[in-house]
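I opened this notebook page to record what I looked up, one topic at a time.

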Amino acid sequence: MVAVNVGPRDGSSLMDFIYRLPHGRASLLFVLLGGVGFTLMTRRARNHQSSVPWEAILWRALLLLAVGLLLQEPEHEIRVILTTYAALFLAGLPLIRAGSRLLLALTVASVGLGPLLWILIQDHQEHGFKREPVTAAEPPWEILTDVLVTGPYPAVVWAAPFLFGMWLGRLDLAQPKISTRLILWGGLTAAAAHVASLTLIGVFGEPSSHNDWQRLVSDVAHSEMPLWILGGGGAAVFVLGVCLKVPGWSGPGARSLAALGRMALTAYAAHLLVLALVVRPGPETLLGGLTTTIALCTGLILFAILWFRVAHQGPLEALLRPPWDRSRSKR
């Protein structure tokens, strides 16, 4: 994610290609993990061991919406995805106790119907979708439509990886056979989607418009099309499976990354602010991008390690817990 957002995103060398490889995949990975986390967070309610935490989910969605709108204001040149997370958390609320088969069915429907709905609505717009960032300056109705359909991360499309993540969260992810299957099926899906796109482009030709039905053959990053969702989603599942193969995230080698993962929301917000205040404009070369990415990641990891020596939660992560829960815990 940091490499993608730092840039640059041009260049034709092999190293440029490798550096850009996460583009269009990192965001799908995080939305997939958002679904996994949502299921883990609500597992007691799903097992009828507690009531559905609708107040906590509503608080979290509203906070993500507010933070997302605020983070869009600095000049970091990034489209903030947090507003779409808010919508996805609300969409997942009535599905906490839904059957696993229903979650898979909704995932398939979102992969197929989400892009079709996206194109259909766009066809009825005079100039298509501008796909500009969602900002607090817009009227509430426009914020809603941007988050759901017309913005850079339309929830009608991005629901697919989130719902599939909810389904994955119900599996016993500690089992080695589960992680092996994730690696195999994720890798095969990613490869098959790319091959299918190349084949369809060979038959029907390269899409000449970003706002037309011919776009359905594309797996270009952020095309919002089924083959991109399948390919990027498969890559996300592959990465999740690989991470589950790490023997212990509490070991010395992985502890620093685990600390950063515990404050993912804070790290996301912090890296956007650093981009706006320090990095922009630029970098313009691969070496500059790689150096900046390494420095930014190192700084975030060091901050996470030091923070957890004096606190149990990241700064923004602490806010995700509703105020009434915090006061109840103190009593």
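Is Arg280 buried or exposed? I noted first that the model is a predicted one, and then looked up Arg280, which is buried, with a relative accessible area of 15%; the cut-off for that word is under 20%.

Next I looked for the partner of Arg280 and found that its side chain meets that of Glu77 in a salt bridge, at 3.7 Å from N to O. I wrote down that the structure holds 1 salt bridge. Glu77 sits in the loop between α5 (54-71) and α6 (82-92), while Arg280 sits in the loop between α13 (264-279) and α14 (286-307), so the pair ties together parts that are 203 residues apart in sequence.

I then turned to α5 and checked its length: at 1.5 Å a residue its 18 residues should span 26 Å, and its end C-alpha atoms are 25 Å apart, which agrees. For the buried residues of α5 I listed Ile57, Ala61, Leu63, Leu64, Val67, Gly68, Leu69 and Leu71. Their cover includes α3 (26-41), α6, α8 (140-150), α13 and α15 (315-319).

Last, I looked at the surface, where Leu14, Met15, Phe17, Ile18 and Leu21 form a nonpolar patch with about 510 Å² of accessible area together. I followed up Phe17, which lies in helix α2 (residues 14-20) and is partly exposed, with a relative accessible area of 48%.

How values were computed
Residues are numbered from 1 along each chain as its sequence is written. This is a predicted model: local features need pLDDT of at least 70, side-chain atom pairs count only at pLDDT 80 or more; totals for chains, interfaces and linings use all residues. Side-chain values use heavy atoms; hydrogens and water are left out. Patches are made of residues with over 30% relative accessible area and no salt bridge: like charges are joined within 9 Å, nonpolar side chains (Val, Leu, Ile, Met, Phe, Trp, Tyr) within 5 Å. Accessible areas come from the Shrake-Rupley method with a 1.4 Å probe; for residues, only the protein chains shown count as cover. A salt bridge is a side-chain nitrogen of Lys or Arg within 4 Å of a carboxyl oxygen of Asp or Glu. Helices (H or I, at least four residues) and strands (E, at least two) are DSSP runs, numbered from the N terminus. Buried means under 20% relative accessible area, exposed over 50%, partly exposed in between (1.4 Å probe, protein chains only). The expected span of a helix is 1.5 Å times one less than its number of residues. Contact means heavy atoms within 4.5 Å.
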